[in-house]
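Take a moment to turn the structure around before reading on.

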Amino acid sequence: MPNSRVNRVLCVAEKPSIAKAVANHLAGGQVNTRNIRGNPYVKNYEFQYNFQTWGACTVTMTSVLGHLLSHDFDARYKGWKSCDPSQLFEASIEDFVEESKQPLADNIQAQARNCQILYIWTDCDREGENIGTEIRSVAVKGNPSLSQPGKTVRARFSNIERAHIVNAARNPIALDEAQSNAVQSRIELDLRIGASFTRNLTLSVQPMLRQHFGNDDQGVISYGSCQFPTLGFVVERYLRVRNFVPETFWTIKVMHEKDRIKVNFRWARNHLFDRMVVVILFERCLTAKTARVTKVQTKPTSKWKPLPLTTVELQKCGSRFLRMDSARVMQVAEQLYQKGWISYPRTETDQFDRDMDLRALVQKQTQGGDWAQFAQGLLNGGFSQPRSGHNNDKAHPPIHPVNFVNPTQLTQDESRVHEFVVRRFLACCSEDARGSKTEISILYGGETFSTTGLTVLERNYLDVYKYDRWTSSQELPRFQEGEVFEPTEALMDEGKTSPPGYLTEPELIALMDANGIGTDATMAEHISKIKERQYVETRARVRGARQDDDDEAASDGEAAAAPEAGRGRGRGRARARARGGRGSAEGRGATNGMQEFIPTTLGVALVEGYENMGFEISLTKPFLRKEMELKMKAICEGRKSKAEVVHETIEQYRDVYIRTQQRLDTLRAAVRKYCFGENA
DNA sequence: GCAAGGTC
């Protein structure tokens with residue numbers, strides 16, 4: 001067999017940071033770093049390595065910058081009026097290297113010429129698999145033999161610890177073509193559907209608005225499988241607030257003063273909407289005169305430390321604790337990552353690998369900062385292995401500090417995000433907070449009332465994670481089980497349910513996450529996209545802390561997702577389930593001053609217009625995107641082919657498109673109603 | 001002038 005001997009290997013990573021880290025681990029000190037022509041970020045690392053599979057080799061390790069290929073329609077379809085937008089469902093698509101990526105492609109093509117093996121080191125996720133095939137397609141142009149079986153391989157790795165990387169280098173596997181195909185179908189569908197609907201929407205609605213307002217202010221009106229459901233969430237909440245009808249309820253309040261401490265007891269029924277019933281129950285209390293203590297129970301309780309930090313969680317906390325919108329938080333996190341202070345900021349993983357040396361990372365934080373002493377305390381015996389969430393993207397560890405940096409070297413925003421990442425990490429490595437909870441119940445005229453008291457005994461992680469609040473309540477007086485007393489005060493009170501608040505950014509992100517809208521890297525972009533398109537606006541929340549109790553959306557994760565998006569149709573992706581079980585720091589008062597999302601008249605008109613067309617599948621709800629996710633999974637598991645998925649999905653949308661055309665007046669009517677204030 | 005997904 002000619003040329004079967006391998007002495008040169010070309011490795012290509014998804015990003016420069018991975019190329020550098022892997023090269024350093026494998027080379028053991030002897031690395032030549034070379035710039036490439038035409039791009040300042042990508043470098044070639046050259047070194048010797050003795051592969052288990054091929055023996056001693058000369059290695060070039062380089063990278064791309066995400067996807068290498070772009071996809072767009074043939075030139076003849078580029079003009080917006082060159083064809084009917086529906087032709088984009090079948091128009092031919094070109095795959096090409098965009099100008100800015102050409103130096104990367106040239107580099108790979110040139111390096112591939114002398115190599116016998118192409119070793120792919122992209123992230124081990126669907127997109128990474130697809131980027132791997134893109135790299136191969138370019139490398140093959142320089143060296144056709146790399147398309148032969150076994151000549152292109154990939155590394156399986158999920159972090160960049162030395163031992164893990166060395167192990168990955170010893171055990172190459174094949175690229176997963178199915179996963180790559182799933183991504184290809186996603187790319188094709190998003191392009192065809194997005195472009196056809198966007199052109200159609202813009203060409204039919206934009207002129208109306210420009211004419212009515214007598215200016216050219218109205219820009220593109222776009223449709224996308226992520227931006228529309230995102231808009232849908234905002235509009236749905238807006239309408240819930242607007243259509244809210246307050247209801248009057250009644251409750252019974254009991255207060256007893258003992259040992260000069262006033263204790264308020266909460267009615268077990270909370271409140272009822274039938275006044276007469278409450279009157280009767282209240283009278284029974286008054287008739288009984290005395291109350292009897294039925295339960296006095298003190299038991300240990302704890303407040304769990306937070307989970308390792310994911311991107312979604314970072315964005316939510318950014319809005320909540322740092323008052324930065326998600327796009328800004330990601331921008332700052334990216335800077336911190338590039339300067340080498342924190343790990344990769346786009347991750348879904350909320351579990352640390354067992355073999356990661358977390359103590360070494362804690363050690364670095366003992367050098368300074370307000371948290372230095374706390375970090376030292378962890379090393380002196382306070383360390384506790386972080387909790388594990390249920391999500392692992394198999395590509396990146398949770399976000400954590402990788403080096404110590406003097407905060408004075410950072411900009412103000414950088415320093416705040418960095419501080420959050422460090423404190424979060426140290427909190428993860430601490431013990432849960434411990435306390436003691438006392439619950440006292442009384443029976444009063446047949447009704448049960450109760451009160452609780454909390455004593456915080458050990459603050460532990462709370463000392464470093466200043467974003468969580470957990471404080472001892474006022475001390476309760478001593479009560480004995482069976483004790484009988486006459487309450488100091490008992491009264492019937494009236495109240496009104498109040499509307500939920502408009503959607504906040506953490507809530508919106510939680511909804512997107514739970515419904516699979518966008519990825520950790522793109523959610524913030526979709527949110528800023530619907531602002532840019534003038535579908536929504538944000539403003540600072542003016543009202544005070546929320547107080548009604550039918551608004552569970554003020555808390556986190558699943559709870560927020562269930563009422564709007566759930567509709568009894570399953571509860572979102574696995575990664576959404578792990579979080580938010582026990583609302584952490586999102587106390588109601590914490591929402592003050594946060595940005596809230598209000599749809600514009602155009603935003604409402606679009607959602608209403610499409611809703612009123614009466615399709616059984618809604619473009620403004622997350623189900624279509626979820627369906628796409630399931631179809632991609634089917635391709636990955638070999639249950640469907642790429643062609644099948646693309647075909648059936650296109651037909652589905654073609655149908656919607658045709659009916660949108662037939663019922664265009666419905667959409668126009670909604671625009672006239674909301675944007676022009678005309679009656680339908 | 002369109003999408004969503006990578007990454008700088």
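Chain A exposes about 30900 Å² of surface, and carbon and sulfur atoms supply 46% of that area. Keep in mind as you read that this is a predicted model. Along its principal axes, the C-alpha trace of chain A spans about 100 × 70 × 45 Å. Of its 680 residues, 53% count as buried. The secondary structure of chain A amounts to 20 helices and 18 strands. Contacts also tell us how the chain folds back on itself: among those between residues at least 6 apart in sequence, 80% join residues at least 24 apart.

**A stretch with an annotation**

The UniProt record, an unreviewed entry, carries the annotation "domain: Toprim" for residues 8–161. Over residues 8–161 the chain is 26% helix and 32% strand. The end C-alpha atoms of this stretch are 25 Å apart.

In what order do the six strands of the open sheet stand? The order is 2-3-4-1-7-8, and the pairing is mixed. Strand 2 (32–36) and strand 8 (152–154) stand at the edges; each has a single partner strand, so one side of each is left without a neighbour in the sheet. From one strand to the next, the twist averages 25°.

Now look at how some of the neighbours are joined.

| Strand pair | Bridges | Direction |
|---|---|---|
| Strand 7 (residues 117–121) and strand 8 | Three bridges | Parallel |
| Strand 1 and strand 4 | Six bridges | Parallel |
| Strand 3 and strand 4 | Seven bridges | Antiparallel |
| Strand 11 (residues 291–303) and strand 12 (residues 433–444) | Twelve bridges | Antiparallel |

Leu118 stands opposite Thr152 in strand 8, while Val12 has Thr62 in strand 4 as its bridge partner. Phe51 stands opposite Gly55 in strand 4, and a hairpin of three residues joins strand 3 to strand 4.

**Helices on the sheet**

Helix 2 (residues 102–112) packs on the sheet and touches strand 1 (8–13), strand 2, strand 3 (39–51) and strand 4 (55–63). The direction of helix 2 makes about 25° with that of strand 3. Helix 3 (residues 126–142) packs on the sheet as well, touching strand 1, strand 7 and strand 8. Its direction makes about 155° with that of strand 7.

Helix 3 has 17 residues and reaches 25 Å from its first C-alpha to its last, close to the 24 Å expected at 1.5 Å a residue. Among its buried residues are Ile131, Ile135, Val138 and Ala139. What do the buried residues of helix 3 pack against? Their neighbours are strand 1, strand 5 (70–73), helix 2, strand 7, strand 8 and helix 5 (177–213).

**Farther along the chain**

Strand 11 pairs with strand 12, as the table shows, and Val293 stands opposite Ile442 in strand 12. Two bridges also join strand 11 to strand 14 (residues 484–485), and these two run antiparallel. Here Arg292 has Val484 as its bridge partner.

Why can we call helix 12 largely enclosed by the rest of the structure? The reason is that 14 of its 17 residues are buried.

Note on methods
Residues numbered from 1 in each chain as written. Chains lettered and ligands numbered in written order. Predicted model: local features only at pLDDT ≥ 70, side-chain atom pairs only at ≥ 80, totals over all residues. Heavy atoms only, no water. Pairing = 2+ DSSP bridges. Helix = DSSP H or I, 4+ residues; strand = E, 2+ residues; numbered from the N terminus. Axes fitted to C-alpha atoms, helices over the stretch in contact; angles between N-to-C directions. Contact = heavy atoms within 4.5 Å. Buried < 20%, exposed > 50% of the residue type's maximum accessible area, 1.4 Å probe, protein only. UniProt positions renumbered as here; feature names shortened; annotations may be inferred. Areas by Shrake-Rupley, 256 points an atom, 1.4 Å probe, with all protein chains shown as cover. Expected span 1.5 Å × (residues − 1).
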